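This report covers selected local features of the structure shown below. Each section takes up one group of related features.

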Amino acid sequence: MLSELLLTEIVRLGTEKNLPLHRRLYEALRGAILDGKLGSGDRLPSSRELSQDLGLSRNTVVAAINQLSVEGYLICRIGSGTYVNDTVPKPVTRRRLARISQIARLSRRGLALSTVYCATQLEVQPFTSGIADFSAFPVALWQRLQNKHWRMTYPEMLDYSHMGGYAPLRRAVADYLRVFRSVPVDADQVIITSGTQQSLELCAQLLADHGDTVWMEDPAYWGAVKAFMATGLKIHAVPVDDQGIAPKAADETALPKLIYVTPSHQYPTGAVMSLSRRHQLLDIARRHGAWVLEDDYDSEFRFTGPPLSSLAGLDKDQRVLYLGSFSKVLYPGLKLGYLVIPRKLGDPFKQAHYDLNRPGQMPLQAALAEFIEMGHFASALRRARQSYAERRRTLLAALKPCLGSSAHISGAEQGLHLCLHLPNTVNDQALASRVGELGMIVRPLSAYCLERKDIKGLVIGYGYAPLDDIARYGPLLAQTISSYLARSEKTPKR
Ligand SMILES: Cc1ncc(COP(=O)(O)O)c(C=O)c1O
């Protein structure tokens, strides 16, 4: 039964795509797992049986199984066999969600929050955006530091964390931000959180009431959209152009309580907010008594052009809250980030953070403080920058043939992704699916749009994929885009 299903799929993939056999088997197995035809805990036939049933060589079968094991779909138990991993989440489609919500009685908010808009966590293939390469993280050193701090720990370190986190870590973050991001800050203004997502929730909970309006860039970062949905805020979409968020007089009728921006590298277009826009935004915030949330998620990775300073550095009125994260430079599962608050908000924020989130992880914070103080953070950053710079160069070179009057790139000066803009007549969702069929992941720009329908493109990441993969898949990506553009130019417009 399974072999028939796999064979049908392998034959279909063979006629539709020119993929090597191990890749077709990989796709067929992965599809069966994601569709639920192979359920979690199911045992796979042995590689010998599969190779006989499918008429494939043992090497081909083993290559496909190895790849699925590396990606976490399968788990090999020595002496027992290969099983579908229990941790593979089911794909959450809108239809499936509607069904679940009927059964589980999700609230309207619950349904909206559990809908996948842009990407699922399963999407880690060449060119996935938003993900860094954490395989280079110095695990052995980190383990030594953790052991040391666990050995030295005292009972208070096992309690919830008071006063916004471990003091030496707050000092180290403040020192870093003063020097590298021109944020005028001292350690008292830093709160250690479990990452930007928690910082956003805290800001929304403490600075706005249910039904208040938050201005968001359009297109937008979906993590922030969900944080604001969860706190019952009204989202007002303000279009972004090549100078960042571009508010018009009419926008000011939607009185903002919060304004969420990514000024150093707009997510996802990569636009850098110009100085005049920065002043305009601070002026709007001052006139309306709004708070500006500056999400500086990837400014550590700047490759060309002059260093940019932060919006918080320009703020004379203490209206900007600055949000940073260790997810990209270190690794996302670390779950540590920081929020810089104006001095007058210090006590209420620390108190509410304590009451709402019961923060902890003090030995972990102590290990991170030492990691920064001893210069390991700076070295990790230097290594990561070099490695990402090469990947970026390779991707840009590969994409060159598909650039021209109908395609251009923005946002390649910084960060771990770039945005390829395409004519508005292109169906970027269909193009992203076509790319996906070839074993790569790019995201359609339109999927990030809140209201606007006038931009199309692809968001392409170079942080996660190793250099070899970028060199191998880059030309295929460019060729796929070029042929798609050529075909859509030939198709008569209705
Ligand atoms: C725009 C943006 N902000 C923040 C983050 C980091 O969030 P967190 O610290 O919650 O991992 C990301 C991660 O992808 C991001 O894309």
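## Asp315 and the loop between β9 and β10

Asp315 lies in the loop between β9 and β10 of what is a predicted model. With a relative accessible area of 13%, Asp315 is buried, because the cut-off for that class is under 20%. When residues up to four places away in sequence are left out, Asp315 touches Leu282 and Val320. From Asp315 to Thr262 the C-alpha distance is 15 Å, and the two are 53 residues apart in sequence.

Gln318 is also placed in the loop between β9 and β10. Its relative accessibility is 29%, so Gln318 counts as partly exposed. The backbone of Gln318 has a phi near 55 degrees, a positive value in a residue other than glycine. Next to be noted is Arg319, which lies over the face of Trp291, 4.7 Å from the ring centre.

## Aromatic pairs

How many aromatic pairs does the structure hold? The number is 15. In one of them, the ring centres of Tyr267 and Tyr448 are 5.8 Å apart and the planes stand at 75 degrees, so this pair is edge-to-face; the class requires an angle over 60 degrees. Tyr267 belongs to the loop between β8 (258-261) and α11 (275-288), while Tyr448 belongs to the loop between β14 (443-444) and β15 (456-461); the pair therefore ties together parts that are 181 residues apart in sequence. Tyr267 and Tyr448 are both buried.

An edge-to-face pair is also formed by Phe301 and Tyr388, with 5.1 Å from centre to centre and 90 degrees between the planes. This pair links distant parts of the chain, 87 residues apart: Phe301 is in the loop between β9 (291-295) and β10 (320-325), and Tyr388 is in helix α14 (residues 376-399). Both Phe301 and Tyr388 are buried.

## An aromatic cluster and a charge over a ring

One aromatic cluster is made up of Tyr176, Phe180, Phe326, Tyr338 and Phe377. Elsewhere, a charged group faces an aromatic ring: the charged end of Arg358 sits over the ring of Tyr160, at 5.4 Å from the ring centre.

## Helices α1 and α3

Helix α1 (residues 2-16) packs with helix α3 (residues 47-54), their axes being 10 Å apart and the angle about 60 degrees. α1 and α3 are therefore oblique to each other. Their crossing is right-handed. On the α1 side, the residues in contact are Ser3, Leu6, Leu7 and Ile10; on the α3 side, they are Leu50, Asp53 and Leu54.

Arg12 is another residue of helix α1. Its relative accessibility is 34%, so Arg12 counts as partly exposed. Between the C-alpha atoms of Arg12 and Ala28 the separation is 9.7 Å, and the two residues are 16 apart along the chain.

## Helices α9 and α10

Helix α9 (residues 196-207) and helix α10 (residues 222-230) have their axes 9 Å apart and pack at an angle of about 35 degrees. The crossing of α9 and α10 is right-handed. Which residues of the two helices meet? From α9 come Gln197, Leu200, Glu201 and Ala204, and from α10 come Gly223, Ala224, Ala227 and Phe228.

## Backbone exceptions

Most residues other than glycine have a negative phi, and most peptide bonds are trans. Two cis peptide bonds are described here. Asp218 and Pro219 are joined by a cis peptide bond with omega of about 5 degrees, and Pro219 lies in the loop between β5 (213-218) and α10. Tyr267 and Pro268 are joined by a cis peptide bond with omega of about 15 degrees, and Pro268 is in the loop between β8 and α11.

Lys335 has a positive phi of about 55 degrees, although it is not a glycine. Lys335 is located in the loop between β10 and β11 (337-340). Its relative accessibility is 47%, so Lys335 counts as partly exposed.

Terms used
Residues are numbered from 1 along each chain as its sequence is written. This is a predicted model: local features need pLDDT of at least 70, side-chain atom pairs count only at pLDDT 80 or more; totals for chains, interfaces and linings use all residues. Side-chain values use heavy atoms; hydrogens and water are left out. Rings of Phe, Tyr and Trp (its six-membered ring) pair if their centres lie within 6.5 Å; planes under 30 degrees apart count as stacked, over 60 as edge-to-face and the rest as tilted. Helices (H or I, at least four residues) and strands (E, at least two) are DSSP runs, numbered from the N terminus. Buried means under 20% relative accessible area, exposed over 50%, partly exposed in between (1.4 Å probe, protein chains only). A charge sits over a ring if NZ of Lys or CZ of Arg is within 6 Å of the ring centre and within 35 degrees of the ring normal. Axes are lines fitted to C-alpha atoms, for helices over the stretch in contact, and angles run from 0 to 180 degrees between N-to-C directions. Angles under 35 degrees count as roughly parallel, over 145 as roughly antiparallel, 65 to 115 as roughly perpendicular and the rest as oblique. A crossing is left-handed if the near helix is turned anticlockwise from the far one by less than a right angle, and right-handed if clockwise. Contact means heavy atoms within 4.5 Å.
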